[in-house]
Amino acid sequence: MTRRSAASIWAGGRYMLHIENLCAGYGDVDVVHNVTLDVLPNEVVGVLGCNGAGKTTLVKAVMGLLPRVSGEIAFLGQPVTGLRTHEIARRGIGLVPQGRWIFPKLTVRENLLMGTQAAGGADILDEVFDYFPVLKSRLSQQGGTLSGGEQQVLAIARALCGRPKLLLLDEPSDGVQPNLVERIGEVIPELCRRSKLAVLLVEQNLDLVLQSARRCIVLSNGRLVHAGAVEPRHSGRDEHPLARYLSPAADAAPDFRPENIRSNPVIPSEKTHEPT
């Protein structure tokens with residue numbers, strides 16, 4: 001099958017985010033090497049990998065935060081490579097960075113209002129309080145006084161207030177208590193159904209990816225080593241097949257070979273989250 005351009009694919013209404021042969025890094029060093037990835041509308045796609053695999057570098061490349069990027073990145077059929085970060089945000093891509101990066105001295109309300117700037121200063125989105133009711137009772141509280149998990153849901157809510165079409169979540173489970181991780185895992189597919197979003201979920205937490213995503217890729221040393229549909233856990237099985245990629249010994253695994261890479265993953269339509 002001949003690879004079509006991102007514009008022609010989107011003309012058929014297929015891909016929201018299209019990344020092809022992406023190389024990205026810092027200075028003279030590439031961290032991500034020839035990564036190809038597509039995200040459909042209303043779909044959750046996971047990006048798994050150990051520390052240092054290149055996951056955050058991939059997210060930064062999409063958001064225009066890196067000085068060194070080559071390859072193709074297109075959103076809704078239009079190239080975004082070379083755009084400034086605020087221009088990418090205003091086109092409809094929201095980012096929840098690793099480490100949350102809320103404004104600790106601002107109140108919860110003020111943090112949410114900051115998020116609306118990507119949508120031209122619109123009102124706070126009422127739906128964020130449906131997803132995360134705890135925020136409604138904390139509107140006048142400074143963000144820095146919230147727990148780590150509450151700061152994480154504030155960061156997600158802030159990004160949602162920008163009315164994105166695509167949400168990039170960079171390790172939302174990092175430092176978050178298990179009950180809130182579970183809630184985040186429930187909210188992510190709900191966003192696709194209710195708010196008509198697509199989500200790129202970057203994680204080391206396999207359980208969260210299994211709960212939320214229908215497809216995933218795996219990065220190791222900045223290279224794509226697996227792509228395909230997410231299989232559910234089966235009772236009686238000690239380890240999920242994807243767990244081996246999160247082991248420190250993954251690079252030495254016998255089946256860790258280039259032929260495992262599927263640069264143009266099959267997208268099963270029945271697995272895709274559809275809006276209701």
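# Helices, pocket and loops in a predicted model

Student: What does the secondary structure of the protein chain come to?
Tutor: Eight helices and 10 strands. Helices (H or I, at least four residues) and strands (E, at least two) are DSSP runs, numbered from the N terminus. This is a predicted model, where local features need pLDDT of at least 70, side-chain atom pairs count only at pLDDT 80 or more, and totals for chains, interfaces and linings use all residues. Residues are numbered from 1 along each chain as its sequence is written, and side-chain values use heavy atoms, with hydrogens and water left out.

Student: What share of the 276 residues is buried?
Tutor: Buried residues make up 50% of them. Buried means under 20% relative accessible area, exposed over 50%, partly exposed in between (1.4 Å probe, protein chains only).

Student: Contacts next. What percentage of those between residues at least 6 apart in sequence join residues at least 24 apart?
Tutor: 72%. Contact means heavy atoms within 4.5 Å.

Student: How many residues line the largest pocket, and which lie nearest its centre?
Tutor: The lining has 20 residues, and A89, L95, G115, A118 and R158 lie nearest the centre. By type, the lining divides into 13 nonpolar, six polar and one charged. Here Ala, Val, Leu, Ile, Met, Phe, Trp, Tyr, Cys and Pro count as nonpolar, Asp, Glu, Lys and Arg as charged, and the others, Gly among them, as polar.

Student: Which elements each supply at least two lining residues?
Tutor: α3 (85-91), β6 (93-96), α4 and α6 do.

Student: Take α4. Which of its residues are buried?
Tutor: In α4 (residues 108-115), V108, N111, L112 and G115 are buried. They sit on the same side of the helix, because they cover an arc of only 95 degrees around the axis. That arc is taken from the directions from the helix axis to the C-beta atoms.

Student: What covers the buried residues of α4?
Tutor: The cover includes α5 (127-131) and α6 (148-160).

Student: Which residues does V59 touch?
Tutor: Apart from neighbours within four places in sequence, V59 contacts L95, L168 and V202. Its relative accessible area is 3%. V59 and L201 are 142 residues apart in sequence, with 9.8 Å between their C-alpha atoms.

Student: What follows α2?
Tutor: G64, whose phi is positive, near 70 degrees. G64 and H86 are 22 residues apart in sequence and 8.9 Å apart, C-alpha to C-alpha. H86 lies in α3 and is partly exposed, at 47%.

Student: Which residues other than glycine have a positive phi?
Tutor: Among them are N42, near 60 degrees, and E171, near 50 degrees. Most residues other than glycine have a negative phi.

Student: Where are those two in the chain?
Tutor: N42 lies in the loop between β2 (29-39) and β3 (44-48). E171 lies in the loop between β7 (166-170) and α7 (178-194).

Student: Buried or exposed, N42 and E171?
Tutor: N42 is buried at 11% relative accessibility. E171 is buried too, at 7%.

Student: What does Q98 touch?
Tutor: T56, D170, E171 and D174, not counting residues up to four places away in sequence. Q98 is in the loop between β6 and α4, partly exposed at 30%. The C-alpha atoms of Q98 and E171 are separated by 5.6 Å, though the two are 73 residues apart along the chain.

How values were computed
1 Å grid on protein atoms, 1.4 Å probe; cavity = no way out; pocket = protein on both sides within 12 Å on 5 of 7 lines; lining within 4 Å.
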